[in-house]
Amino acid sequence: MRVQELLPVEARDQRSLSDAWQRIVRDGAGVPRREEQVRTAVRASWERSLHRGIVPTLPRAPMLLDDASLAELREQVDWLPHAELAVRAHAGGSVLDGHILALFDDRARMLAATGDPRALDGLADINFRPGALWSEDAVGTNGPGTALALARAVHIVGAEHFCERWQGWHCAAAPIRDPLTQDVIGVLDLSGFREKAHPHTLSLATAIAVALEQRLAAREAERRVTLLRQFGSLVGRYPSDAILVVDRAGEIIASSTSAERLVRRLQASGHEATDVLRTMSTDTRGSSSLRHPPTQALVRDASHPLLGVTAAVHAMHDGRTPIGACLVLPLAPGMRDSRETQDTRDLRDARAVRDDATYTTRSNRSGGITSDVRTPMSGPTGRGVESSRSGRREGTPRASGAHTVRYSLDALRGAAPVLEEVRRFARACARTDLPVLLLGESGTGKEVIAQGIHAASPRAHAPFVAVNCAALPRELVESELFGHVAGAFSGARRDGAIGKFEAADGGTLFLDEIGELPPAAQAALLRVLQEGEITRLGATSGRHVDVRIIAATNRDITGAIASGQLRDDLYHRLNVLTHSLPPLRARPGDATLLARHFLGTVSGSLAREFAPSVLHAFEHYRWPGNVRELENLVKRVAALAESPVITDDLLPAALRDVASRAPATRFESAFTVSAPVDELAADLPANDALREQLRTRYATLIASHATMRDAANAIGVTRSTLYRRLQRIGLAPGRGVRDSV
């Protein structure tokens, strides 16, 4: 690899950099197109600094905030307490020897710092301390400022800094992203004496930033629960009105049946009803800068000329921070179905949360963090649970019959951090016999988790019995669950039959779609959970059973209880170990990972890789069908592909539209123009000139991405393929590659 693309931690590298800095910056020679001593991204930052007129002899950064202003800003940054907890968790031992950990807001204003007193004192001389401004616009190339300018992790070492007085230090900075909007909301920086610089420093800073983002994702999930509870309450109070709830990003996360009907009718008349309702819900003027936390939801009126009615907007807050709003819109008489009675409308709308509330969550691609905690799982074949259960949806499940456990916790495919949260939860569940309740959309992997918990538990060698409660005929539910004696009812087996509980004796019973059980069966199930005893239909005495219960539902719990669909005492009995699983769209990076896995399972296909635009589509599409939809799509395009690279012309229209918005990288564009596709696919440069051209472009690619994984993703290949290509052209990555800016 060329020297300029390595992290310059050695003394000889710093001397070369210092010479280049003296010639280019201090002496005003300007930045040439190619300066071998300077990494590509650093050279670009120097160019920006020169263009902005930054003085390279600046003695110290500007102090922007006095103590009072800093205290006020810290109070406004609602993620700061979580960040300080994450910093404290990683600041022990020798981690900060010669270093400090600092936190910046999205304008590069330092909020807090802690660490080695020697480093704190030394950095204070250049105002690298709380209240100072360290944006690239103000002080030139530096860790936190350049990380914000590029919106990615960077490591600036010694003479790479634009200002001379910063050059005795090194800064490894990682952006902090909002788990809901994916906006950069701040920077975590690990800075220290230049001699302490190491290629792994950036990895540590990034790991701490990821830990912080996980804390913020958990907070976002709690906020979502608060919004949905308010939504369920309002649906019960105003059953005939249209009700929507939006998060702070303006995304509709749940809506009643009446609201959906209103949207359809307005759209049929040529209006963008969804935008109208979202605008009304998110107009929180006057509530976004509260001086004191509200004690309850703030209610205000909102209207729109297309609707002709005034809506009540219930603005929700977490402390002083707006987290979303619920909109209650009384329907005009013309919007209601005149053929329906009031009783029918009340009953239908009271079931809105149960039957028609739909959840949407933005994709998150920073450290794999998501804003919800519901995760679709895949087993050894990468399939979602629904595909493995599809055969049991038809007809009545057999009265007995333990199922073969096909999934373990180790078989869960995916790299999103929320997946590790689910693994930790499942491992904790496996150590106990307490009831487990799994929540999430259909196909998010509830049975996969249930099987994984069973396989990791002491009951692993006992039966695992799965029951789809929605597929049980209502008149036979109790017989199927608890069994029956001979002659218990017309059509009963001559010698009777055991039920699912007895079939699972000693093992685990998985009750999927628990909310679909009729009330009588729920009452009987509650007794079994309390007494550990079942009574076969037609029998006069009970039987003791030793069964561990794992239940699951895709219903909104609050709405199901409010509508009477789920008994509240049964819910409280099951609600011991509860976890929500996010959909595929909330698992950043996993769509690409799973797509490549599925592609590898297709036999007889010419396809070996996906074009970058296809990978972009996979990561940004909403995947309403979750993992199963992705798997079927990959198999389809792999079968239709006529070349090693799957391009976006093979995608369905919805994904083609997403793919068309994929940004083209300089790397990809250059190859498209100058090198035949078959040469690139074969990894075999045709001649020395092309080999040298490839070396240059691959070096630029690596320098412009934070990790080798990111570099590989940018050109639509796996990391192992990228390493193989580098070896083919004699460009073996050095120790600084992973930390390249």
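A salt bridge here is a side-chain nitrogen of Lys or Arg within 4 Å of a carboxyl oxygen of Asp or Glu. In this predicted model, the side chains of E136 and R52 meet that criterion, with N and O 3.2 Å apart. The two partners come from distant parts of the chain, 84 residues apart: E136 belongs to helix α6, while R52 sits in the loop between α2 (40-51) and α3 (67-76). Their surroundings are worth a look too. E136 counts as buried because its relative accessibility is 3%, whereas R52, at 38%, counts as partly exposed.

Another one joins D178 to R248, with the closest N and O atoms 2.7 Å apart. This pair also ties together distant stretches, 70 residues apart: D178 is in the loop between β4 and β5 (184-193), and R248 is in the loop between β6 (242-247) and β7 (252-255). Relative accessibility is 8% for D178, so this residue counts as buried; R248 comes out at 28% and therefore counts as partly exposed. For D590 and R587, the side chains meet in a salt bridge at 2.7 Å, N to O, and both residues are buried.

Then there is R177, in strand β4 (residues 169-177). This arginine is buried yet has no salt bridge. The nearest side chain of opposite charge belongs to E213, 5.6 Å away, and a salt bridge needs the nitrogen and the oxygen within 4 Å. What does the side chain of R177 reach at 2.8 Å? The backbone oxygen of A151. A polar atom of the R177 side chain also lies 3.0 Å from the backbone oxygen of Q182.

Most residues other than glycine have a negative phi. N127, however, has a positive phi, near 65°. This asparagine is found in the loop between α5 (117-124) and α6 (136-139), and with 8% relative accessibility it counts as buried. E513 also goes positive, with phi near 55°. Its place is the loop between β13 (508-512) and α18 (519-531). Is E513 buried or exposed? At 11% relative accessibility, E513 counts as buried.

Strand β13 leads on to the sheet. Five strands form an open sheet in the order β12-β13-β16-β11-β17, paired in parallel. The edges are β12 (464-468) and β17 (577-581), each of which pairs on one side only. On average, neighbouring strands of this sheet are turned by 15° against each other, direction ignored. At the β17 end, five bridges join this strand to β11 (residues 436-440), and the two run parallel. Within that pairing, G440 stands opposite L581 in β17. Helix α14 (residues 417-430) packs on the sheet, where it touches β11, β16 (548-553) and β17. The direction of α14 makes about 155° with that of β17.

Technical notes: Residues numbered from 1 in each chain as written. Predicted model: local features only at pLDDT ≥ 70, side-chain atom pairs only at ≥ 80, totals over all residues. Heavy atoms only, no water. Helix = DSSP H or I, 4+ residues; strand = E, 2+ residues; numbered from the N terminus. Buried < 20%, exposed > 50% of the residue type's maximum accessible area, 1.4 Å probe, protein only. Lys, Arg positive; Asp, Glu negative; His and termini not counted. Polar contact = N/O pair within 3.5 Å; in protein donor to acceptor, adjacent residues only side chain to side chain. Pairing = 2+ DSSP bridges. Axes fitted to C-alpha atoms, helices over the stretch in contact; angles between N-to-C directions. Contact = heavy atoms within 4.5 Å.
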